[in-house]
Amino acid sequence: MKPHRVMQTGYTGCYFLLMWVCFVVFGASTESNMEEKRTAYEKSVRQSQRLCAGEQEYVDERKRVVLQSLNSLGISCSEDSVPHIALLASGGGQRAAVALVGSLHQMEKDGLLDSVLYLGGVSGATWSMASLYSDPQWSVGMDRAVSSLTSPGVELDEALSWLGERAKEEHFSLTDIWGVLTSAGIMKQMDLRRLSDEASRNATNPYPIYCALEKHCFSEGPLEATWFEMSPHEAGFTDLGLFIETSLLGSKFENGELQEEIAEMDMVKLQGVLGCALAHGETIKEFIPHWLKVPGLVDAAAAEYVRLYHAFHKLVTLTRNTVQDPAAQADLDKLHKLLEDAHEALRNESESLQDKESVSQQRTEQLLAVVERWSQTLEDGAFKNHVMFIILRVLPLIVKWEWGTTNNFLYQYQNSSVPSCLHTKESFYLVDAGLLVNVAYPSFLGDKRDINLIIAPEYSAGNMFETLTLARDYAAKLKKPFPELDEKILEERDWPKDCYVFEGKDKEPTIVFMPLFNRNNCKDAEEVKAKMAEFSTFQLPFSQDKIEFLLETGKENMKRNKQTLLREIKKAAELKRCRKSAREGISESCLFGLV
């Protein structure tokens, strides 16, 4: 099976920042408090397409909050006909992470946030979610979330302490580095709690669903074994219907039974898992320059060279902007010049096509040698210690492109629905879900969560409607309900409106689709393109001005479309009431002809 086409998603370009940021911005780890005893049920794989007991209990409680909210908005509804409304934010790196906070902030101001039952995310949106849910009361205090985006950040010692602890672990990898970058460098905090810690919370906030992909099944199939979701209660494969308790994700299983309990990853590492598209090897090929490509050949050596050069270049640039010591700045300037000279030499050489692979291999070795020789010239001290940590522990991971593995809870699981890509392997690999669909639609289609209305703020780069068309195709392959998309509307991709409504029929959810940059805040298609370039994922962390602009843009989009949202929420409530009446055999008029 051919790999699925990779979307422009998440913070794919920001990999090139990740290593050096790690020792400018990160935090200490703590031991997880694992329960000493678990029931046999909790230790086993659960197979079902129904909600687990914990999620069902939370949802039931949350629906009472939603009911109060709807009544306050003047929408008539009873407790047993509360509509299921999900807000599904797209990926898009820091652009998505910041704009989502602005969108949610405005929804709180307008009294709409409490009508949301679920909050689902992929890639950059999950960074915001992880940060938001560190506050058990975030949805009633969005001012705090906004202010956290402009906080000073995380101290160096805290970063190194966390990384030092992770480096002792069996599966220390680039996932840990990426997690540090996103958690501390972008979201300005080190959140050491575990996702399962939220299982005992009350229903103040929408129920969170974080999404990822299993890397090998994504590349080789089958599609049913690709989409992976995590909630405070369970983690597992959405379409296979195979789950374990979230606190056991990473523990060792065999034939569906727990063999060794291992501490659950914290939210710092989880953000590294959820937001890293470059863990998928196909993605790096997009960055190979034309002068390194061999026509008709997939050049692994060129990909390795590109990874190293861009990592070094961005790390040096970022560090030069953050280190205050003049001597360290001079050392970094020297390294920057050495790297540029080495790179330019390769560009200017005129090798034959047959020689390119060997030249790439040589240049990779030369880059490593340049950095090693430079490091030996540094004076002893904290700066040299940081540099040596990168050289000794991180550079080998870049060369191998080594991303974290997760112990596979389906290893040797005796069930015909489990494909060989999972059944026979002790580990699987979770990566950025945006590689397949840059919105968490797959977790919210069908009977399991029975979603009536999806609010979809769209922060993705690339083709504006691509998340919708990919989700539609995914749903068709797996026979899941999805609303019809008007092909004429899809032609507006370059200069979209600020809001589209795709009406669902029968069991299809209605989708309110809200592009970040649109006809209301951009005068033409060229300005949309310029804004996407200005807030591209391929850059250093955003300045304060850029953060404030994105916050305001997210707010304005929600504010401008408040009446559309109210109308669709009201229709969703009416739809739910009509369907309930139909099931009970009650004949009554439905305002929207939906039964």
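With 90° about the S-S bond, the link between cysteine 217 and cysteine 421 comes out right-handed. Cysteine 217 sits in helix α8 (residues 215-220) and cysteine 421 in helix α15 (residues 420-423), so the bond ties together parts of the chain that are 204 residues apart in sequence. This is a predicted model, and in it the sulfur atoms of cysteine 217 and cysteine 421 are placed 2.1 Å apart. A search of the whole structure turns up one disulfide. As a reminder, a disulfide is a covalent bond between the sulfur atoms of two cysteines.

As for accessibility, cysteine 217 and cysteine 421 are both buried.

Next comes a pair of packed helices. Two such helices are described by the angle between their axes and the distance between the axes. Helix α7 (residues 174-186) packs on helix α9 (residues 267-274) at an angle of about 105°, and the axes are 7 Å apart. Angles of 65 to 115 degrees count as roughly perpendicular, so that is the label for α7 and α9. On the α7 side, the contact is made by Thr175, Asp176, Trp178, Gly179, Val180, Thr182 and Ser183. Helix α9 brings in Val268, Lys269, Gln271, Gly272 and Val273. Sorted by class, the residues in this contact of α7 with α9 are four nonpolar, six polar and two charged.

Then there are the aromatics. The whole structure gives 20 aromatic pairs when searched. One of them joins phenylalanine 228 and phenylalanine 409: the ring centres are 6.5 Å apart and the planes stand at 55°, so the pair is classed as tilted. Phenylalanine 228 belongs to strand β5 (residues 227-230), while phenylalanine 409 is in the loop between β10 (406-407) and α15. Phenylalanine 228 and phenylalanine 409 are both buried.

Key: Residues numbered from 1 in each chain as written. Predicted model: local features only at pLDDT ≥ 70, side-chain atom pairs only at ≥ 80, totals over all residues. Heavy atoms only, no water. Disulfide = S-S within 2.5 Å. Helix = DSSP H or I, 4+ residues; strand = E, 2+ residues; numbered from the N terminus. Buried < 20%, exposed > 50% of the residue type's maximum accessible area, 1.4 Å probe, protein only. Axes fitted to C-alpha atoms, helices over the stretch in contact; angles between N-to-C directions. Parallel < 35°, antiparallel > 145°, perpendicular 65-115°, else oblique. Contact = heavy atoms within 4.5 Å. Nonpolar A, V, L, I, M, F, W, Y, C, P; charged D, E, K, R; others polar. Phe/Tyr/Trp six-rings, centres within 6.5 Å; stacked < 30°, edge-to-face > 60°.
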